[in-house]
Amino acid sequence: MFLDKNSIIINGVNMGQYIVQAQYSYNKLWSSDSGRNLAGVQSGTLIGVFPKIILQFRKLTKEELEVIVPILDSARQNVTYYDPNKKETITIETYTGDYEIVNKYIIGTNRKNEGFACSFIATSKRV
Amino acid sequence: MKTVTNNFKEQIAQLGREIDFKFFLHTNDKILTEDGKFLMTENNMHLVVEQFDEEEVDEVITGDDIFNVAIVNKGKILSTMMKEVDFEIRQDLRIGDVIDCQFGLKVGSDYEYVDYGRYMIYSKEFNEDTKTYNYVAFDKMLLTMQEASPEFLTDLEGRTLADCINLICGGVGLSFNATQEQLAEYPNLNKQINEGTFTDLQITYRDVLDMIAQALGLSMIVEGRYLRLKSLKSEVVDTFDEKYLKDVNVSFGNKYMVNSVVLSRSEDNDNIYRRDEESVSEYGVHEFKIKDNLIMLYDDREDYIDEIFEQLNGLEYYINDFNSTGITYLDWLDFYNVTVGDKTYKCLMLNDEIKIQQGLEETVYTEEPEETVTDYKTSSKTDKEVSFIVDKQNGSIRAKVNKGDVINEINLDESGAEINAEKISLAGKTIKMTSDNITIQSTNFNVDDNGNMSCTNANVNGTITSADGTIGGWTINSSGLNNGVVKLNSDGSSTIYTVADLFVMKGYIMGIQPFDTMSPQMLSHYDLNNDGVVNTSDYVILQQLIGISM
């Protein structure tokens, strides 16, 4: 949940200044034992809730990209965010999805790339 | 049944249950392997026991490092059961390491944990592809798999079954100590093992416990530090409906029941039994047969069978095979009901495999017991009338019939064969007896060591050869038969002495008739003492032969 400018910190970098949108999805992962029982009722083991945060970055300068991209390219990230289920700010370990940066102009100090999105997916279930 | 809350029982069947598993590791710091293999000998047993009872927890291995776990309980009734856990984790543990296992289910906001007991790692295997280790571990019943020494086995003989269990448990770090209530409830605990039962046998402690379990009509399991006796006379602990069953692989077969118990020995040739006749007449014979149990191989079998029958009579459960969504809290030998639609199946937990990976699945099955058939016409309720014992250990066979005051026996052992019977009949087209020496002793027919035969009233047909003896008052000698006054010679001639011969002989002896007129035939006839002359000695003999004095 994005409550204030400090609501999302990734690897120690406050993302609030770089994003225009944060989308939080709380995905349930079910075990292979899930299915209908003999009574026709769904049953099964919930492995856990694996949060995914999709950040929509605004147009970024070359210098700003040079701060963000190393984080996006790393194998693992530590993401601190406010979780409404836990009612507190928590830190989870994530991995990132693919992202694409579009340049319509030559990028420099004043010109910026087009905005883009990147997802941060929890590596383990939220405890 | 393990102790769990009602919320646990409800939650385990729910969609969205969350599970957990933990191992509490007690690392092995004692030498328990040889060439990578598990080593358990009489000499290092105390170290194994110490390791098994280690209290200090060295590490807790949680779900993050556990790839899969399978808890396996498999057994059959009237035996011991050894619990097993197979698991795959990242950590490299040692053979001989001990783990306590706990399964957790999130109930409300917290996890409720079920204790599955303590196990010792018996074997391990490394997976090159996943860089994980597969382990197999067993509970403390593993320690009874040790071969018992001859001295130990001899020490068991003469002891009660309760004492034997105590001795075995003492050697493997288990506690037993039958209570007074148990001794009263299971009277076979007070029975003694006969001398010679375990002579020259190579068996394990567990083999002995299995025999004792059968003799008690009970089963045995390790719980914590205790060896527990489990009876089949227990109530249903819980009922499960369709929500505990997966929608595939659910089958229920015939109802298995017991209304007859048979103790069998001598390759199934000698059986005693107890039956519930009312049940048999209604449902037919459904027997449970115990074969060649060394403890019950002697003539005191009927001292055991009543209690065994008491434990087994009335046992009934459905043969089953189903995959469950997960129950997890039943114990081995628990009775439970399964309700499917309007049918209720009473089941007995004999084989249970709980698999935990990301999810939970439980496979429960009961195998169809081996069918046995006993010819009850040739069986009896007691050994006191008929018994047939094949004692392979001592190399002997004994058959006995005992009715009223009559006891007939056949005994075979290395010293020979002996038949003692009221009457012995041999009948056959040809009967051949071959021996270096036959002697017969009876009131009417005897043959001694030297071949001298005597009998009364013999009727003989055929050829008889003799050069000595008497027959019908006649004396047999090499030249013929004679009865004194009459001689029948082997050349066919005969000689008869009469009173006239007295006068003739007297005439020669008194010189009335000269001796030189006596022909050789007359000399032979009258020379009764065969001294070459005819004199008064011959005359006396002739008088005696004829029976007249002159």
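**Figure 1. B:Ile424 lies in a loop of chain B and belongs to a nonpolar surface patch.** In this predicted model, B:Ile424 is found in the loop of chain B that runs between β27 (416–420) and β28 (445–447). The nonpolar patch on the surface is formed by B:Ile397, B:Ile410, B:Leu412, B:Ile419, B:Ile424, B:Leu426, B:Ile431, B:Met433, B:Ile438 and B:Ile440, which together have about 900 Å² of accessible area.

**Figure 2. B:Asp468 is placed in a loop between two strands of chain B.** The strands on either side of this loop are β29 (453–455) and β30 (469–471). B:Asp468 is exposed, its relative accessible area being 63%. B:Leu481 is 13 residues away from B:Asp468 along the chain, and the C-alpha atoms of the two residues are separated by 9.6 Å.

**Figure 3. Three strands of chain B form an open sheet with mixed pairing.** The order of the strands is β7-β12-β13. At the edges stand β7 (80–81) and β13 (226–230), each with a single partner strand, so one side of each has no neighbour in the sheet. Strand β12 (residues 219–223) runs parallel to β7(B), to which two bridges join it, and B:Met220 in β12(B) is the bridge partner of B:Thr80. By contrast, β12(B) and β13(B) run antiparallel and are joined by five bridges, with B:Ile221 standing opposite B:Arg228 in β13(B). The hairpin of β12(B) and β13(B) has two residues between the strands, and within this hairpin B:Gly224 takes a positive phi near 65 degrees.

**Figure 4. A salt bridge links B:Arg225 and B:Glu55.** B:Arg225 is partly exposed at a relative accessible area of 38%, whereas B:Glu55 counts as exposed at 57% relative accessibility. Both residues also belong to a network of salt bridges that links B:Asp53, B:Glu55, B:Lys140 and B:Arg225.

**Figure 5. Salt bridges occur within a helix of chain A and at a buried site of chain B.** A:Lys62 and A:Glu66 form a salt bridge whose closest N and O atoms are 3.5 Å apart; both residues lie in helix α1 (residues 62–73) of chain A, four residues apart, about one turn of the helix. A:Lys62 counts as partly exposed at 38% relative accessibility, as does A:Glu66 at 48%. In chain B, the closest N and O atoms of the salt bridge between B:Arg265 and B:Asp270 are 2.8 Å apart. B:Arg265 is buried, with a relative accessible area of 0%, and B:Asp270 is buried too, with 5%.

**Figure 6. Chain A meets chain B at an interface with one salt bridge.** Here 14 residues of chain A are in contact with 19 residues of chain B. The two chains bury about 1400 Å² between them, 57% of it on carbon and sulfur atoms. On the side of chain A, the residues that lose the most area to chain B are A:Asp33, A:Leu38 and A:Thr45, together 36% of what that side buries. The salt bridge joins the side chains of A:Asp33 and B:Arg17, at 2.8 Å from N to O.

Definitions and conventions:
Residues numbered from 1 in each chain as written. Chains lettered and ligands numbered in written order. Predicted model: local features only at pLDDT ≥ 70, side-chain atom pairs only at ≥ 80, totals over all residues. Heavy atoms only, no water. Patch = residues over 30% accessible without salt bridge, like charges linked within 9 Å, V, L, I, M, F, W, Y side chains within 5 Å. Areas by Shrake-Rupley, 256 points an atom, 1.4 Å probe, with all protein chains shown as cover. Salt bridge = Lys/Arg side-chain N within 4 Å of Asp/Glu carboxyl O. Buried < 20%, exposed > 50% of the residue type's maximum accessible area, 1.4 Å probe, protein only. Pairing = 2+ DSSP bridges. Contact = heavy atoms within 4.5 Å. Buried area = accessible area lost by both parts, 1.4 Å probe.
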